[in-house]
Amino acid sequence: MPANPIIHAPLAGVIGMPIAYSQSPRLHGHWLSRYGLAGHYVPIPVMPEHLAEVLRVLPRAGFVGANVTIPHKEAVLTLADTVTDRAALIGAANTLIFRSDGKIHADNTDGYGFIANIRQKAPDWQPDAGPAAVIGAGGAARAVVASLLDSGVKELRISNRTRLRAEQIKAEFGARLVVYDWAQVGNMLEGATTVVNATSLGMKGKQPLRVPMDALSPGTLVTDLVYIPLMTPFLTEAEARGCRIVDGLGMLLHQAAPGFERWFGRRPDVDDEARRIMLE
Ligand code: NAP
């Protein structure tokens, strides 16, 4: 059944559980007021057993789309009518478009956000300059791996505490991947020109990521997906070793931009003002 014709300000939101602490409403709200656009972006708390029903109803209630977060990022793939190749490859979606014909389109913009953040902060970054090393093999790591391969990385090393998850990613993403044992994660950094922390270690309230970093070469681009705090212990040590560092906040901002543009009609700027809003 077609969605409502839009005769009011478009609505969008973020679907998750819990959702009260999501930063997305603040970011989209900032962009809406900054550009003087009509629209609203709200947190939408949804239990897993209600997800299918909520997705059916939202388009009929004036919603033009939604972001999706934990625990629904995988489940929405089975409920969407169309799924982009990258979302299918990653196995998760974070952005939904409710089309005017009533169909739900699912995409994953995490990998886009990851690369856009690096390119903004380190414009001369060369993905094919040498091996990339990814620490972690969770949901976010899958998006990072997909986007690094897509950007032209020739050898991608990956290590995870639970080795099986890294092996699974190699099985799905192919021959350019090399799995390192968790005990060998320090060796994985030798000769790498791009290094990524895709674990949740280093996040406020969690242990820091403790990895032997002696093999890291000065000039290596080191980035962290964790953005609270902005300067994780991992980034602090990398910077002390002469590496170029990129914090994770820009990824969060950039991954939000395509959805905002699609729902509200304007590509938002990812700039210092948007960063400041997220840090308040
Ligand atoms: P996830 O699927 O739960 O994966 C967590 C990862 O951290 C796994 O690789 C896990 O290893 C590892 N890990 C957790 N505790 C560990 C420990 N004590 N020792 C060693 N490894 C440990 O989470 P995710 O969705 O991939 O997210 C990962 C991080 O990225 C989170 O901090 C999230 O906030 C952040 N993130 C940031 C952005 C952004 O826009 N900047 C976007 C997405 C995610 P095992 O497999 O062994 O458990």
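Predicted model: local features only at pLDDT ≥ 70, side-chain atom pairs only at ≥ 80, totals over all residues.
Trainee: What makes Arg86 and Asp107 a salt bridge?

Mentor: Their closest N and O atoms are 2.7 Å apart. The rule asks for a side-chain nitrogen of Lys or Arg within 4 Å of a carboxyl oxygen of Asp or Glu, so the pair qualifies. Arg86 belongs to helix H4 (residues 85-90) and Asp107 to strand S6 (residues 104-107), so the contact ties together parts 21 residues apart in sequence.

Trainee: What parts of the chain does the pair of Arg244 and Asp124 tie together?

Mentor: Arg244 sits in strand S12 (residues 244-246), and Asp124 is in the loop between helix H5 (110-121) and strand S7 (132-135), so the pair joins parts 120 residues apart in sequence.

Trainee: Is Asp124 buried or exposed, and how do you know?

Mentor: Asp124 has 53% relative accessibility; exposed means over 50%, so Asp124 counts as exposed. Arg244, at 31%, is partly exposed.

Trainee: What about Arg275 and Asp247, what makes them a salt bridge?

Mentor: The closest N and O atoms are 2.8 Å apart, and the limit is 4 Å, so they pass. Arg275 is in helix H11 (residues 272-279) and Asp247 in the loop between S12 and helix H10 (249-264), 28 residues apart. Arg275 is buried at 13%, and Asp247 is buried at 16%.

Trainee: Which residues form a network of salt bridges?

Mentor: Arg34, Arg266, Asp269, Asp271 and Glu273 are linked that way.

Trainee: Now the strands. How do you know that S7 and S10 pair?

Mentor: They share four bridges, in the parallel sense. Pairing needs at least two, so they count as paired. Ile135 has Asn197 in S10 as its bridge partner.

Trainee: Which way do the residues of S10 point?

Mentor: Thr194 and Val196 point one way from S10 (residues 194-197), Val195 and Asn197 the other, and all are buried. S10 also pairs with strand S11 (residues 221-224), parallel and over four bridges, with Thr194 opposite Leu221.

Technical notes. Residues numbered from 1 in each chain as written. Heavy atoms only, no water. Helix = DSSP H or I, 4+ residues; strand = E, 2+ residues; numbered from the N terminus. Buried < 20%, exposed > 50% of the residue type's maximum accessible area, 1.4 Å probe, protein only.
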